[in-house]
Amino acid sequence: MKFIIKRDRLVQAVNEVSRAISSRTTIPILTGIKITVNDEGVTLTGSDSDISIEAFIPLIDNDEVIVEVESFGGIVLQARYFGDIVRRLPDENVELEVVSSYQTNIRSGQASFTLNGLDPLEYPKLPEVTDGKKIILPINVLKNIIRQTVFAVSAIEVRPVLTGVNWLIKENLLTAVATDSHRLALREIPLETSLEEDYNVVIPGKSLSELNKILDDASESIEMVIANNQILFKLKDLLFYSRLLEGSYPDTSRLIPTDIKSELVINSKSFLQAIDRASLLARENRNNVIKLSTLESGQVEVSSNSPEIGNVSERVFSQQFSGEELKISFNGKYMMDALRAFEGDDIVISFAGTMRPFVIRPKDATNPNEILQLITPVRTY
């Protein structure tokens, strides 16, 4: 195998596939990047067996020659060293040549490296995801769905299914739900693609986070294929595979309270800033406890108390409050995560009592499930 490639395109592809590579893998060859060259271009592959990413670099792109191939072939090179080398090479072109015993010469300008490689035939095959139903989503919509839900997945492996985001596709509606049993994030969007069958899958939160880092706003839409316990996201020159989590996701619809006793309308930005300031002293507590109290003046008081450090209290103007007076405590980090998920100015917080979960929605939402955040209060004595 021998070819010359534009360094910036090689670096971009290496960065993309490296997101799938874990140093903790039990399969040694998966610490490497698989590189294959044929008459169409160069393909780089990275995988940790849960996530697999394949980046393709064509020979010619926009009438510019990107790759010049002298001979076809393949090699697996250590991702850590190969990535560090190509990012630091001096010239705009890089030459790769595999010589005897999988040794690979990497040359650029006056710099020359030799890396020991592995047999590409020993690299595990990527999952086959071909017979599933295709779903087309705008990139910006997918990025929003991920951003507004993935933070609420569980970080603890006790219930593995809760480390993922549940995607329910039914009657041309996609509902994404994440919960760690203390909070819940929900986003619902209509699909343009007409689907004959329903889907109920759980995508690992880690996979969605890594996908979100790769997604480029320059692309308009992305194609998704769900099949064989795998989901495939297809971009122009990139394939992103993720396994799906096994197990039944809990029915979260019953967690959303319907018997509302109090409602607060408030500016999300000013409320977020007040919670952030109150958290400065609350972080020492195990639960980062913030207290919220309603006042007769139409204001709300945000406060926190840390016996070893001190206390803080701040009044924030609300636009409207109705129902029973309220004193409630909650985890400040959960509240800040939830508030950052909203794009508009004003939110409505619906309370069903001091020890019942409360729900946050945008004030101007036409659909109550368009975007919803739920937080369970903290019991304080």
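Author: Angles under 35 degrees count as roughly parallel, over 145 as roughly antiparallel, 65 to 115 as roughly perpendicular and the rest as oblique. The model is predicted, with local features needing pLDDT of at least 70 and side-chain atom pairs pLDDT 80 or more, while totals for chains, interfaces and linings use all residues. Residues are numbered from 1 along each chain as its sequence is written, and side-chain values use heavy atoms, without hydrogens and water.

Reader: Why are α1 and α2 called roughly antiparallel?

Author: The axes of α1 (residues 7-18) and α2 (residues 79-88) cross at roughly 150° and come within 9 Å. Axes are lines fitted to C-alpha atoms, for helices over the stretch in contact, with angles from 0 to 180 degrees between N-to-C directions. The limit is over 145, and α1 and α2 are therefore roughly antiparallel.

Reader: Which residues of α1 and α2 meet?

Author: Contact means heavy atoms within 4.5 Å. In α1, Arg7, Leu10, Val11, Val14, Asn15 and Ser18 meet Phe82, Gly83, Val86 and Arg87 of α2. These residues divide into five nonpolar, three polar and two charged, with Gly counted among the polar ones.

Reader: What makes β21 and β25 paired strands?

Author: Pairing requires at least two DSSP bridges between two strands. Five bridges join β21 (residues 289-294) to β25, and the two run antiparallel. Val289 stands opposite Asn331 in β25.

Reader: Why do β23 and β25 stand at the edges?

Author: The open sheet has the order β23-β22-β21-β25. β23 (310-317) and β25 (327-331) each have a single partner strand, so one side of each is left without a neighbour in the sheet.

Methods
Helix = DSSP H or I, 4+ residues; strand = E, 2+ residues; numbered from the N terminus.
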